[in-house]
Amino acid sequence: MQITGLLTKMHAEMGSPIQYCLNFKEETLSVNQLLGKKLTIEFSHYQCLACEREKEIFAMGYCKNCYFTSPYAGAWIVRPELSTAHLGKADRDLAVETQMQLQPHIVYLANSGGIKVGVTRKTEIPTRWIDQGAEYALCLAETTNRYEAGLIEVALKQHLSDKTNYRKMLRQPAPFEDLATLKENILHLIPQDLQPYILEDQPIHHLEYPVNHYPQKVNTLNLKKIPRFEGTLLGIKGQYLIFDDNRVFNVRSHEGFVIRISSFL
Ligand SMILES: [Zn+2]
């Protein structure tokens, strides 16, 4: 098998375990089927996900110019409390922001080896959890827009992280923690006017990743530094491919890279 194509994040579907695929223009590659196989990944060139030009990728699959101008890379993406579409106020492009921000959002608790609070559009459940490598997740509140969800997250961040510790997430399965009890213990932190958005009687979701072997430590592969590597695929978790020799490849941080991927039996 050999494919040359533009790398975008892995598409994932719930299953036991979760099923991952890479969507290239010409074909779709089931990543689960590559487990146990030897792969070569080689950097060819850049292709910005927004302007499609061959310019160095800066972040999120965008070149520097697009990262600082695209409405899909505004600060409100990482910090939902900065959303302003509900005020009719533009950040970069009000039409895009209205469409993205003014829809139901979920505030959730997730355990990926550390417990965090997060915000996502309702339609991104469970994709968001899978992308973060969460093993347990619980919906905590459903709001009418991104700004309100951001305010709840800010209130809960006093007691919880909003970051995933990816090294911890990649080294072992997350131990079970009672997210439902944790939720009850932190609800008082949510401001009074946002309390009506709290969800009751939510299940704790369990997510199962296709990992045959966890690395003892985590060495990150970076195609900007070393443009080609070869390794046996041992697992998939979050947006990471786990290889032998304690090496991991973050697919997300290589969006916008055109790569050649080959596998041998
Ligand atoms: Zn660009």
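**Exercise 1. Leu7 and its surroundings**

Work out whether Leu7 is buried or exposed, and list what Leu7 touches.

Step 1. Leu7 has a relative accessible area of 1%, so Leu7 is buried. Here buried means under 20% relative accessible area, exposed over 50%, and partly exposed in between (1.4 Å probe, protein chains only).

Step 2. Place Leu7 in the fold: Leu7 sits in the loop between β1 (2–6) and β2 (11–13). Helices (H or I, at least four residues) and strands (E, at least two) are DSSP runs, numbered from the N terminus.

Step 3. Leaving out residues up to four places away in sequence, Leu7 touches Leu22, Phe24, Phe249, Val251, His254, Glu255, Gly256, Phe257 and Ile259. Contact means heavy atoms within 4.5 Å.

Before going on, please keep in mind that this is a predicted model, in which local features need pLDDT of at least 70 and side-chain atom pairs count only at pLDDT 80 or more, while totals for chains, interfaces and linings use all residues. Residues are numbered from 1 along each chain as its sequence is written, and side-chain values use heavy atoms, with hydrogens and water left out.

**Exercise 2. The zinc site**

Find the protein donors of the zinc ion and say which arrangement the four donor atoms make.

Step 1. The donors are the SG atoms of Cys48, Cys51, Cys63 and Cys66, lying 2.3 to 2.4 Å from the zinc ion. Donors are N, O and S atoms within 2.8 Å of the metal (3.2 Å for Na, K and Ca); water is not among the atoms, so sites may look incomplete.

Step 2. Along the chain, the donors follow the spacing C-x2-C-x11-C-x2-C.

Step 3. The angles subtended by the four donor atoms run from 101 to 118°, so the arrangement is tetrahedral. Four donors count as tetrahedral if all angles lie between 85 and 135 degrees.

Step 4. Now check accessibility: Cys48 is buried, at 0% relative accessible area, whereas Cys51 is partly exposed, at 25%.

**Exercise 3. Aromatic pairs**

Say how many aromatic pairs the structure holds, and classify the pair of Tyr136 and Phe176.

Step 1. The structure holds eleven aromatic pairs. Rings of Phe, Tyr and Trp (its six-membered ring) pair if their centres lie within 6.5 Å; planes under 30 degrees apart count as stacked, over 60 as edge-to-face and the rest as tilted.

Step 2. The ring centres of Tyr136 and Phe176 are 5.2 Å apart and the planes are at 85°, so this pair is edge-to-face.

Step 3. Tyr136 lies in strand β10 (residues 136–143) and Phe176 in the loop between α6 (166–171) and α7 (179–186), so the pair ties together parts that are 40 residues apart in sequence. Tyr136 is buried at 14% relative accessibility, while Phe176 is exposed at 51%.

Step 4. For practice, take Phe229 and Phe249: at 5.5 Å centre to centre and 45° between the planes, this aromatic pair is tilted. Phe229 and Phe249 are both buried.

**Exercise 4. Two domains**

Describe how domain 1 and domain 2 meet.

Step 1. Domain 1 covers 2–63 + 211–264 and domain 2 covers 74–206; the bounds come from an automatic or database domain assignment.

Step 2. Their centres, taken over C-alpha atoms, are separated by 26 Å.

Step 3. In domain 1, 19 residues are in contact with 17 residues of domain 2. Between them the domains bury about 1500 Å², 63% of it on carbon and sulfur atoms. Buried area is the accessible area (1.4 Å probe) that two parts lose on being put together, summed over both.

Conventions. Tetrahedral: all angles 85-135°; square planar, octahedral: opposite > 155°, others 65-115°.
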